[in-house]
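Please keep the sequence and the model in view while reading.

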Amino acid sequence: GNFTRHLCRAKDQNNYMEGSLVTDGKAIILCIDVPERTHFGIDFHIFQCGPKFKGIRLIPSGVHFVYYNSDAGSDVGPPRTGFFVRLQPNEIQVFIWNPETEQFFKPDEVDADQRDRYILGVKNHAFDAFLGPYSTRMQTEWNSISKHITPQILDLLEPVHKQISSMYDSADDVELLKKLNLDNKFASPTPYVSSEPFYSHVPKNPPKTATPHQITQMALDKSWILHEIWKRYKDPSDVLGEVQFAFVCFLMGQTFSGFEQWKKLIAVICSSEEIICNPSHVSFCLSAMDCMANQFEHVPEDFFETMITGDLREENFLTASLRGFLEIIDDPTLDARILKNSSRFISVIEKKFPFVTADVWDGPTIEEIDGM
């Protein structure tokens, strides 16, 4: 789909001027001793490492997601590990492969003198021929699904050791693998450490103090849940940083916990009618529509295929959530800015999930019965 694949097996020195490698405001990630044929990705780029691969250059400053996994040697895909990086202009970050753990050493495990020598080597152009380019064309796409992921959001959500693994999302996954006799197939050389991010708690049930009338209202309008989640953040739009964090973790990091949290947050936002209709939350609503539209544009065409076909279509969370949201914004009394900006959101949904808009706006189907 939208993933660009590069094979880093040849020199590519035509895209930058001599001497500009670390002085043009772009950052570099240096990767030492990565095994050949490892799949290494950053944002929408994914490389299959050749024998000369030593990292990525021309990376815009800001937050990025790095991920990797070994070459698939069977029908069962290998686990993927990922982590977010925060890059400053002209910064060089060094990651060294640990063959024992089959992961990169953590930054605090790398000898400072060794790291400084590698950084000096980059500045002296010793690695120029071995660095794959970060395409500027992909920068806009990455920004569209990550602009709310700030360093402050990362501080709140990242796991203890920063590593996000598709193998173990939580301690429950370890027990599940044992029950399925898969723990040996995906055995880890290191002791289990949870890679589950510190996602916000999404309440399922109304508070015990709620009256019967309030319980009924809360079942229909999930604004109360969004208000609870907002308490964790300084600004209402910060929750969109968590939506994007979870989306990146499941789409690129291939984590089930990321998908689950993204699903929960999308469902809550789409059914928060009181907030969507509140004039004081117009800014949040506009940002939320933009955030979701950008994400749906990057979901692979067949991503929801197994969940939106046959008898499961009506029960699919995406169908119910988007249908409810479209019904809420189909209100001429809403703020004019919401009505104006809803056109792009609706266009994306119609293109990507046409069955959703059909459910909302199609009239009743009249069928003729023989003999009637």
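Two strands are said to pair if DSSP finds at least two bridges between them. In this predicted model, β2 and β5 meet that requirement, being joined by three bridges in the antiparallel sense. Within this pairing, Leu30 stands opposite Gly55 of β5.

The pair belongs to a wider arrangement. Five strands make up an open sheet of mixed pairing, and their order is β9-β8-β2-β5-β10. Its edge strands are β9, residues 103-104, and β10, residues 132-133, each of which pairs on one side only. Strand β5 itself spans residues 55-59 and is mostly covered, five of its five residues being buried. Helix α1, formed by residues 112-123, lies across β2 (27-32) and β8, and its direction makes an angle of about 125° with that of β8.

A hairpin comes next. Strand β3, residues 39-42, pairs with β4 in the antiparallel sense through four bridges, and Phe40 has Phe47 of β4 as its bridge partner. Two residues lie between the strands of this hairpin, in which Asp43 takes a positive phi near 55°.

How many of the residues of strand β4 are buried? Five of the five residues of β4, 45-49, are buried, so this strand is largely enclosed by the rest of the structure. In a regular strand, the side chains alternate between the two faces of the sheet. Both faces of β4 are covered: His45, Phe47 and Cys49 are buried on one side, and Ile46 and Gln48 are buried on the other.

The discussion now turns to helix packing. Two packed helices are described by the angle between their axes and the distance between the axes. Helix α11 (residues 317-329) packs against helix α12 (residues 336-352) at an angle of about 150°, and their axes are 11 Å apart. Because angles over 145 degrees count as roughly antiparallel, α11 is roughly antiparallel to α12. The crossing of α11 and α12 is left-handed. Leu322, Phe325, Leu326 and Ile329 of α11 meet Leu339, Ser342, Phe345, Ile346 and Ile349 of α12.

Helix α11 also packs with helix α10, residues 282-298; the two axes come within 14 Å and cross at roughly 140°. This angle makes α10 oblique to α11. The contact involves Met289, Met292 and Phe296 of α10 together with Leu318, Leu322, Phe325 and Ile329 of α11. Here too the crossing is left-handed.

These elements are set within a protein chain that contains 13 helices and eleven strands. Of its 372 residues, 48% count as buried. Among contacts in the chain with a separation of 6 or more, 73% are between residues 24 or more positions apart. The chain exposes about 19400 Å², of which carbon and sulfur atoms supply 51%.

Terms used:
Residues numbered from 1 in each chain as written. Predicted model: local features only at pLDDT ≥ 70, side-chain atom pairs only at ≥ 80, totals over all residues. Heavy atoms only, no water. Buried < 20%, exposed > 50% of the residue type's maximum accessible area, 1.4 Å probe, protein only. Contact = heavy atoms within 4.5 Å. Areas by Shrake-Rupley, 256 points an atom, 1.4 Å probe, with all protein chains shown as cover. Axes fitted to C-alpha atoms, helices over the stretch in contact; angles between N-to-C directions. Parallel < 35°, antiparallel > 145°, perpendicular 65-115°, else oblique. Left-handed = near helix turned anticlockwise from the far one by under 90°.
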